[in-house]
Amino acid sequence: MTVMEKTNKKSFTVRPRPQTNLGANLIGKEEEELVLQVVRSKNLFRYYGIDPKNPPLMAATFEKEFAQKIGSKYALAVTSGTAALETAFGALGVGPGDEVILPAWGWISCWTAIVRVGARPVLAEINDTFNIAPGEITRLKTKNTKAVLIMHYQGVGSEMDELMPEARKAGIKVLEDTCQSCGSVYKGKYLGTIGDIGCFSFQYNKYITTGEGGMVVTDDPKLYERAVRMHDIGQVRAYHEGIVKPTEPMFAGDQFRMTELQAAVGLAQLRKFDKLKAHCRRLQEKIINGIKDLPGMKMRRIPDPTGDTAVESYIILPNIEKADALRSKLDALNVNCRKTTGSYCHYAREYCTTGLAHAPGASPFQDFKEWPAPGYRKQDFPKTESIVHRVVALPVGSTYTDEDADYIANAVRHVWDDVMG
């Protein structure tokens, strides 16, 4: 049952709140069929099973179809997006004494993956794309900088035309963290394929979900081999030897192998991706077209609007108070809205403010005389601080309808004057 709300002497019929989520909402008979194939085969491990003549194929097929989809030579399935990051850093040879530049705004795994391999995170400012600002690589690089982690936040690519030349001039490797932007495109190329190595997440909230899961992609055979070794306790099994002949010496790796059950779900989800992306882009366009003419409306800048996966639209308000007011009013109208999703300022989080790793000697900050040191404090990031606290995110879900999109736009219009006035 709907109710009538009066705001500024205008009536507004409140609709039920739609369900968020993306790939998870689309789990159905396709996933069930592939999972049942794995269960019936009794081959849950990707490298061998009951019948040596019929090896498991789900993870291998998932990798092949994913690589073909995004235009990468090699793809390696792993257990999570975090595992993908650690695997990629291992492939790049990042370790103690190295520094990795990353945006100050991001998900916890961006920071922890660097610390886990023994390197030091170096935080960079973002701009109104919510991604790392061009110029920051040049400003922050030192003789110890080994790589830059370029995170593509919530479906939108970073300004790669500017960032890649910076990284190449600095002589450092580029890891694309595409965990929040699977399927996004930047000027004709899928994100994750522009740098040296790319990472993806298939966590529950993603476009493609396996519950937990991830993928590492690269065009470099050496990086592929090292990623294989890093994800499988240093080994290169026969399957991967058939893809790239090993040339690297064995080293101590971790264990991030994806199971056949995860891969079965991921494969079914991958095959639904194009339809889901088209759906979200169409609905996001309706929302943006419905509000872009409002006085004072400012939205997140998207370097390549044609490549956005339309996970969320971001409205940037003049101040925190107006952002809080807009969220409150929209929430009261059953509009799903958030400050931001799954990311925050690293320097404001406990894992940074403590400066700790799993053991005292493993922390890359143990030699600092004071902590938090300059470069890890709120006052060191005025540009980031000026952006991230005054935004409202409008998500788009896989089960949203055209009516939901129209309603979101109308709801924003309904409360806009009250908020901005």
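**Sheet, cysteines and pocket in a predicted model**

Colleague: How many disulfides does the count come to?
Modeller: This is a predicted model, and the rule asks for a pair of cysteine sulfur atoms within 2.5 Å. By that rule, the count of disulfides comes to zero.

Colleague: Is Cys345 buried or exposed, and how far is its sulfur from the closest cysteine sulfur?
Modeller: With a relative accessibility of 5%, Cys345 counts as buried. The closest cysteine sulfur is that of Cys352, and the separation is too far for a bond, at 11 Å.

Colleague: Which strands stand at the edges of the open sheet?
Modeller: The sheet is formed by seven strands with mixed pairing, in the order S3-S12-S11-S8-S7-S4-S6. Two of these strands each have a single partner strand, so one side of each is left without a neighbour in the sheet; they are S3 (74-78) and S6 (120-124).

Colleague: Which residue of S12 is the bridge partner of Leu76?
Modeller: Strand S3 pairs with strand S12 (residues 214-218) in the antiparallel sense, over five bridges. Leu76 points one way from S3 together with Tyr74 and Val78, while Ala75 and Ala77 point the other way, and all are buried. The bridge partner of Leu76 in S12 is Val216.

Colleague: In S11, what is the bridge partner of Glu176?
Modeller: Strand S8 (residues 173-177) and strand S11 (residues 197-201) run parallel and are joined by three bridges. Within S11, the partner of Glu176 is Gly198.

Colleague: At what angle does helix H6 run to S8?
Modeller: Helix H6, which spans residues 160-170, lies across two strands, S7 (145-151) and S8. Its direction relative to S8 is about 145 degrees.

Colleague: Which element gives the most to the lining of the largest pocket?
Modeller: The largest pocket has a volume of about 580 Å³, and of the 32 residues that line it, the closest to its centre are Gln154, Gln180, Gln203, Asn205 and Lys206. The elements that give two or more residues to this lining are helix H3 (81-92) and helix H4 (108-116). The most, three residues, comes from H3.

Colleague: Leaving aside neighbours within four places in sequence, which residues are in contact with Lys383?
Modeller: Lys383 has its place in helix H13 (residues 382-388), and at 55% relative accessibility it counts as exposed. Asp402 is 19 residues from Lys383 in sequence, and their C-alpha atoms are 36 Å apart. Once the neighbours within four places are left aside, the contacts of Lys383 are Glu125 and Ile126.

Colleague: How far apart are the C-alpha atoms of Pro16 and Asn43?
Modeller: Pro16 sits in the loop between strand S2 (10-13) and helix H1 (29-41), and it counts as exposed at 60% relative accessibility. Pro16 and Asn43 are 27 residues apart along the chain, and their C-alpha atoms are separated by 44 Å.

Key
Residues numbered from 1 in each chain as written. Predicted model: local features only at pLDDT ≥ 70, side-chain atom pairs only at ≥ 80, totals over all residues. Heavy atoms only, no water. Pairing = 2+ DSSP bridges. Helix = DSSP H or I, 4+ residues; strand = E, 2+ residues; numbered from the N terminus. Contact = heavy atoms within 4.5 Å. Axes fitted to C-alpha atoms, helices over the stretch in contact; angles between N-to-C directions. Buried < 20%, exposed > 50% of the residue type's maximum accessible area, 1.4 Å probe, protein only. 1 Å grid on protein atoms, 1.4 Å probe; cavity = no way out; pocket = protein on both sides within 12 Å on 5 of 7 lines; lining within 4 Å. Points joined across faces, edges and corners; volume = space filled by probe spheres on them.
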